[in-house]
Amino acid sequence: MITHYQLSDLPRFRRAVVTIGSFDGVHRGHQSLLARIRRLAERRGGESVMITFDPHPRSVLRPEDDSLRLLTTTPEKIACCEEAGIDHLVVVPFNIEFSQQTPEEYIENFLVRHFHPDRIVIGYDHRFGKDRMGDVAYLDHLGQEHGYEVIEIDAQEVNDITVSSTKIRKALLAGEVSVAAELLGRPYELTGRVIEGQKIGRTIGFPTANLEPFHRLKLIPANGIYAVHARWKNQVLGGMLYIGDRPSLNDGRGITVELNLFDFNEDIYGDTITVTFHDHLRGDMELSSLDELKAQLSLDEAAAKAALAVPQKKEKDKEIYAPDTAVVILNYNGRNYLEKYLPGVVESLPPHARAIVADNLSTDDSIAWLREHYPEVECIELPENYGFANGYNMAMMQVKAEVYVLLNSDVRVSPNWLEVILPLFKKEDIGAVQPKILSEANPEVFEYAGAAGGYIDYLGYPFCRGRIFHHTERDEGQYDGRKEIFWASGAAFFCRADLFHALGGFEPEYFAHAEEIDLCWRMKRAGYRILAEPASVVYHVGGGTLNYNTPRKTYLNFRNTLTTSFKNEPIARLIWWLPVRLVLDGLAGLLFLSQGNVAHITSILKAHLHFYGHLGLWIGRRKERREQLEAARIGKDRTAIGRVADSVILHYYLLGHRRFAEIVNKQVPTEVQEVVK
C-alpha cells in the first residue's frame with residue numbers, strides 16, 4: 001500500500017475504485033467495506049483508493065466540541081488499511097478552506113481532478129461540500145458527465161458500520177475491552193511516549209512507565225487495571241496497565257496512564273510504546289496505605305499474568321447457531337447433474353445438515369446411481385411427477401428440519417456456502433435467504449435465476465441485482481453487501497421450515513417459475529425479511545431443468561407472475577393494475593412478433609386465458625393465503641422493501657438501462673410513468 005499526504009503529488013490512478021470517509025477504528029464493518037473495494041478494483045483491473053481526512057473534520061468544523069474521541073490515529077489507520085490490502089490510502093489535509101467548496105467544486109476540483117475515479121463507493125447518507133449540501137444523488141448525477149459510476153451503500157450496511165463505531169466507544173468507556181476487540185477484529189491499541197513520573201511504584205516493587213498518548217483526542221478506556229501486551233522496539237512484553245486519578249495517592253495529577261512490565265528492567269524514558277488491551281481486571285479503588293496498595297498490585301499482577309496466559313477468545317469459540325438443516329434436491333431425470341454436483345454438496349455439509357434427494361418419478365437411472373454411489377443420502381421417491389413447485393410441497397411433507405435449503409440439481413456449491421447463511425436464521429424475523437448465484441458456464445457473470453437478489457417493480461415485474469430481463473451483469477463485487485430484497489431465488493432457496501408449512505408452501509398449480517416470488521411475497525406480507533447474502537456463492541447451470549428461452553417457459557412466466565400479483569396486491573391497486581398489465585403483456589407480444597417468435601405470442605395468450613378462466617380458483621386461493629399469513633404474522637408488512645416505485649420495462653426498453661444500479665438510482669420521470677398507468 002502507498003500512503004499519500006499531498007493532493008499535488010498523487011499519481012494518475014488506473015481505473016480507481018474510490019471510497020471516502022473517516023473510517024475511525026477501521027473495524028470489522030470498515031474491513032468488510034474495504035475488502036469489497038479491493039475486489040471491485042481487482043475485477044476491473046484497477047486500483048483501490050481510500051480517502052480519509054486529517055485532522056478529523058469534526059474537530060475543524062466544531063472546535064468548541066470537546067467530546068470527539070478517536071479510536072484510531074492516522075498512523076494506526078495506515079497500518080490497518082495496509083493489512084486490509086488497499087492499494088492507496090490518501091490522507092487529505094482537512095481545513096476550513098477545503099470545507100468551503102461547493103458540492104460541484106468538491107466533485108470536479110477534488111474527486112475528478114485528483115482521482116479520476118472509475119467507481120465511487122459511498123454511503124447513502126454521505127454529504128459533502130459547503131454546508132453539507134451535496135448528496136449521493138448529486139454525485140451520481142455528475143457521474144454521467146465525468147464518467148464515473150456511484151455504488152451506493154444502503155442504510156443497512158451504513159448503520160452496521162456506524163453502530164459498530166458507537167458500540168466500540170461505549171465498550172471502551174465501560175472498560176469492556178474484550179467486547180471492543182471483537183468488534184474491531186483486533187485488540188484496542190494505545191500508543192504513547194514514556195515520560196517522567198513520581199517513581200513511587202519502584203519503591204513498592206512495581207515500577208511503572210508513565211505513558212503520554214501521542215494524540216490528544218485518542219480515546220482512553222475506563223479507569224482501572226488491565227492485562228496488556230506492550231510493543232517496545234522489536235519486543236512484545238506482558239504487563240498490567242493502570243488508568244485513573246490515583247485516589248490512593250491523592251496527588252491531584254488527574255488521569256494518568258501507567259504501565260508495569262513483567263520481568264523488565266530497562267531505561268525507556270522517551271521511548272515509544274504501544275499497548276494492546278486484553279482484559280479488564282478491576283476498576284479503580286482507593287486504598288489506605290502503600291502497603292495495602294502493594295498487596296493489591298501483587299494480586300493484580302497474578303490476575304494479569306493468568307489472563308495473558310489464556311489465548312484470546314475468538315468468535316469461533318462462541319456458541320454457534322447450528323439449526324437442523326435439510327438440503328433437499330428435487331430431481332427429475334437428472335442423473336448427470338447428480339453425478340456432477342452432488343459430491344460437492346455432500347462434502348460441504350456441516351454436522352448439523354443432511355442432504356436429501358426427492359425424486360419426481362424419474363425415468364432415467366437416477367435412483368439406481370444414487371443408491372450405488374451415495375447410499376447415505378436419503379431418497380424420497382414421489383409416486384408421480386408433481387412438477388417443481390408441488391414436487392417440493394410433497395417432498396417437504398416428509399422432511400423434518402428447522403431450516404430447508406431447496407437446491408436445484410444443476411447447482412455447484414462452494415465451501416462454507418451453508419455456514420455463511422444458516423446463522424442468519426437465529427434472528428426470528430428472517431424468512432428466506434439466497435446466496436449470490438453466478439453462472440456455471442461463465443463464473444464471472446451473474447446467473448439469470450436470482451443473481452444477487454430479487455426485486456420487483458410497481459407493476460409486479462421481477463428483476464434482480466445483476467440481472468434485468470435476459471441481460472446479466474459481470475460480477476465485480478458491486479452487489480457484495482448483504483441486502484434485504486423482495487424475493488430469494490428458488491435455485492438455492494434457504495427458508496424457515498415451519499414458515500414454509502405455515503404459509504402453505506409453493507402454489508401447486510405453478511408447476512415451475514415464480515413459485516419462490518409468490519412465497520417470499522407472502523412472507524414479507526407477514527412481516528418476515530428476505531435476504532441476499534453474497535458472502536455465500538453458488539454456480540448455476542441455468543436452464544438445466546427448464547430451458548429459459550422456450551414457449552413453455554414464456555407461458556409459465558406470464559401466467560405465474562400474473563397470478564402472483566393478483567393474489568398478493570391490495571384490491572385498490574388491482575383495479576388499475578389488471579388492465580395495465582393486460583396492455584403491457586400485449587406489447588410484449590408485439591415485441592415477440594417483431595422477433596418472429598410467434599409461438600411465444602401464443603404462450604402469452606394461453607397464460608391470460610388460463611388466468612381468467614380460473615379466476616374463481618385464484619380468488620379463493622387469495623383468501624386462503626391471506627388467512628394463513630395473518631396466522632403466521634410477526635410484524636408489519638415489509639413489501640415496500642425490495643420494490644421500486646418505477647417500471648423496469650420503461651427503463652429497459654425505452655431508456656436502454658441494462659444495469660440494476662441504473663434502475664434503482666435513476667427514477668423514470670413521473671410524466672413518463674403516467675403513460676403506463
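In which helix do glutamate 630 and arginine 626 both lie, and how many residues apart are they?

A: A word on the basis comes before the details. This is a predicted model, in which local features need pLDDT of at least 70 and side-chain atom pairs count only at pLDDT 80 or more, while totals for chains, interfaces and linings use all residues. Residues are numbered from 1 along each chain as its sequence is written, and side-chain values use heavy atoms, with hydrogens and water left out.

Glutamate 630 and arginine 626 are both part of helix H19 (residues 615-632), where they sit four residues apart, about one turn of the helix; helices (H or I, at least four residues) and strands (E, at least two) are DSSP runs, numbered from the N terminus. Their side chains meet in a salt bridge, with 3.8 Å from N to O, the term standing for a side-chain nitrogen of Lys or Arg within 4 Å of a carboxyl oxygen of Asp or Glu. Glutamate 630 has a relative accessible area of 34% and is partly exposed, and arginine 626, at 45%, also counts as partly exposed; here buried means under 20% relative accessible area, exposed over 50%, and partly exposed in between (1.4 Å probe, protein chains only).

Helix H10 (residues 335-347) holds another such pair, arginine 335 and glutamate 339, which are four residues apart, about one turn of the helix. The closest N and O atoms of arginine 335 and glutamate 339 are 2.9 Å apart, forming a salt bridge, and glutamate 339 is partly exposed, with a relative accessible area of 40%.

Arginine 282 forms a salt bridge with aspartate 300, and their closest N and O atoms are 2.7 Å apart. This pair links distant parts of the chain, since arginine 282 belongs to strand S12 (residues 272-282) and aspartate 300 to helix H9 (residues 290-309), 18 residues apart. Arginine 282 and aspartate 300 are both buried.

By the salt-bridge rule, the count comes to 47.

Turning to the cysteines, a search of the whole structure finds zero disulfides, a disulfide being a pair of cysteine sulfur atoms within 2.5 Å. For cysteine 464, the closest cysteine sulfur is that of cysteine 520, and because the two sulfurs are 11 Å apart, they are too far for a bond. Cysteine 464 is buried, at 0% relative accessibility, whereas cysteine 379 is partly exposed, with a relative accessible area of 23%.
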